[in-house]
Amino acid sequence: MKLAIIIIVYAVILLTALALLIFDMRRALGPARKRPVLRVIPFVLLLVPGAFPAIGAILPDGPLCWFFQRWGNIFLGFLIYFFGPLLILTLCLGIIRAMRRNGRTRGEAGGRTAYRAVLIISLMAAAVLNVTGWNASHDVKVTGYALSKDVLGLREPLRVVLISDLHIGVNSGTELYRDMVDLVNDQDPDLVVITGDLITSSYGAMEDPGEYAAIFREIKTKYGAYAVYGNHDVDEPLFGGFTYVDKEKALRDPAMDNWVGSCGWTLLRDEVTEIPGIDGLILAGRRDKMKPGDGTDEREPIEELLKDADSDRKVLLLQHEPDDLEVLEEYGVGLSLSGHTHDGQIFPGNIWCRLVLDQSYGLKDWGAAKAIVTSGVGYYGPPLRVGTISEIVVIDLN
């Protein structure tokens, strides 16, 4: 039922874009009977690739499904940034035409010129934003924060590198992650932490798990690398990068745990551990809130997770979603590290996230505790970043 609703809504959007395109093309180029190609071009541009996301959502996991998901995601990026400008410009042009009806008009030739400009601008906007968005999503930056070591009750300085939202999936290639690992190693980290969404809802869509694991084993860190799972670290069907199944059906592939271990990472699932080499630093890792991966929504409340932690020490908390932020101080958390939000990933999602979420990105104080949310390395859905960056985060505690 959920998939049917999603497909219906998507079809309405797609058909609206198609109708708008046909309208603008006829206005720009004249009656369709004089140019039969107009009957074909809109269907080729929109309807054929537009079916890919729906086909990818319906097919079972496998190469054919991943093919349609891959190209469907790319098409969605084009649709967003073609249909958006097309709609806005057509509405503006329609308003202008309506205001001029009772006055002097520009004539048929002037109207055609205006609609041609609308089409050209829309196509250029889609091309520019998709190319620049693709480049931005594959250009990992370094974002740094300087904090007092007192935040975690440390006697010696500590450099932590935060990685999140790798989102290895149908649109992924190894080059992005090789660049990421090189960038991590350039920071000479004492500790590396990974806060979930290692894959994008299909372990099988990772073409060569062993190759990815070999890349991640190249991370060099003094005190090791620790990871938690995110809501996409399960197997579930997707429509354009978004899931539509209940958490009871979102189960983790049994091979995931071993794969994480082969990456050289220590996995924490509602666990608290002490890192002796760092003044006995207490590190806690939470199960994911949305999709724990075992068909339940059960995870330990933060008070239960931390009840046995030494109350004289501050806790470094890893959780995929920035959660329980208002009570971090109460339970001894000095610093919480998260991802999940992607900072909205593509405009205007970045604006929306910052308006509706308690903390969508960056560093924020929650009483005596601090929380950092990263936009992450990878992407879901369209392989784009517009208005946001792909990043690793370096946290210097001095």
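Helices here are DSSP runs of at least four residues and strands are runs of at least two, both numbered from the N terminus. Keep that in mind as you browse these close-ups of a predicted model.

**Figure 1. The largest pocket and the elements that line it.** Which elements each supply at least two residues of the lining of the largest pocket? They are α1 (2-29), α4, β6 (242-243) and α10 (349-356). Helix α4, which spans residues 63-100, gives the most to this lining, with six residues. The volume of the largest pocket is about 580 Å³.

**Figure 2. A look at the residues around the largest pocket.** In total, 23 residues line the largest pocket. Nearest its centre lie Leu76, Ile80, Phe242, Ile346 and Pro382. What kinds of residue make up the lining of the largest pocket? There are 16 nonpolar and seven polar residues, and no charged ones.

**Figure 3. Helix α2 packing with helix α4.** Two packed helices are described by the angle between their axes and the distance between the axes. For α2 (residues 41-50) and α4, the angle is about 135° and the axes are 10 Å apart. Angles over 145 degrees would count as roughly antiparallel and 65 to 115 as roughly perpendicular, and α2 and α4 are therefore oblique to each other. Their crossing is left-handed. On the α2 side you can find Leu45, Leu46, Pro49 and Gly50, which meet Phe75, Phe78 and Leu79 in α4. Sorted by class, this contact has six nonpolar residues, one polar residue and no charged residues.

**Figure 4. Helix α6 packing with helix α7.** Here α6 (174-186) and α7 (residues 209-216) pack at an angle of about 15°, with axes 9 Å apart. Angles under 35 degrees count as roughly parallel, and that makes α6 roughly parallel to α7. The crossing of α6 and α7 is right-handed. From α6, the contact uses Thr174, Tyr177, Arg178, Met180 and Val181, while α7 brings Glu211, Tyr212, Ile215 and Phe216. These residues divide into six nonpolar, one polar and two charged.

Figure 5. Most residues other than glycine have a negative phi, and most peptide bonds are trans. Which residues does a cis peptide bond join? They are Phe347 and Pro348, with omega about 5°. His167 has a positive phi, near 50°, although His167 is a residue other than glycine.

Key: Residues numbered from 1 in each chain as written. Predicted model: local features only at pLDDT ≥ 70, side-chain atom pairs only at ≥ 80, totals over all residues. Heavy atoms only, no water. Axes fitted to C-alpha atoms, helices over the stretch in contact; angles between N-to-C directions. Left-handed = near helix turned anticlockwise from the far one by under 90°. Contact = heavy atoms within 4.5 Å. Nonpolar A, V, L, I, M, F, W, Y, C, P; charged D, E, K, R; others polar. 1 Å grid on protein atoms, 1.4 Å probe; cavity = no way out; pocket = protein on both sides within 12 Å on 5 of 7 lines; lining within 4 Å. Points joined across faces, edges and corners; volume = space filled by probe spheres on them.
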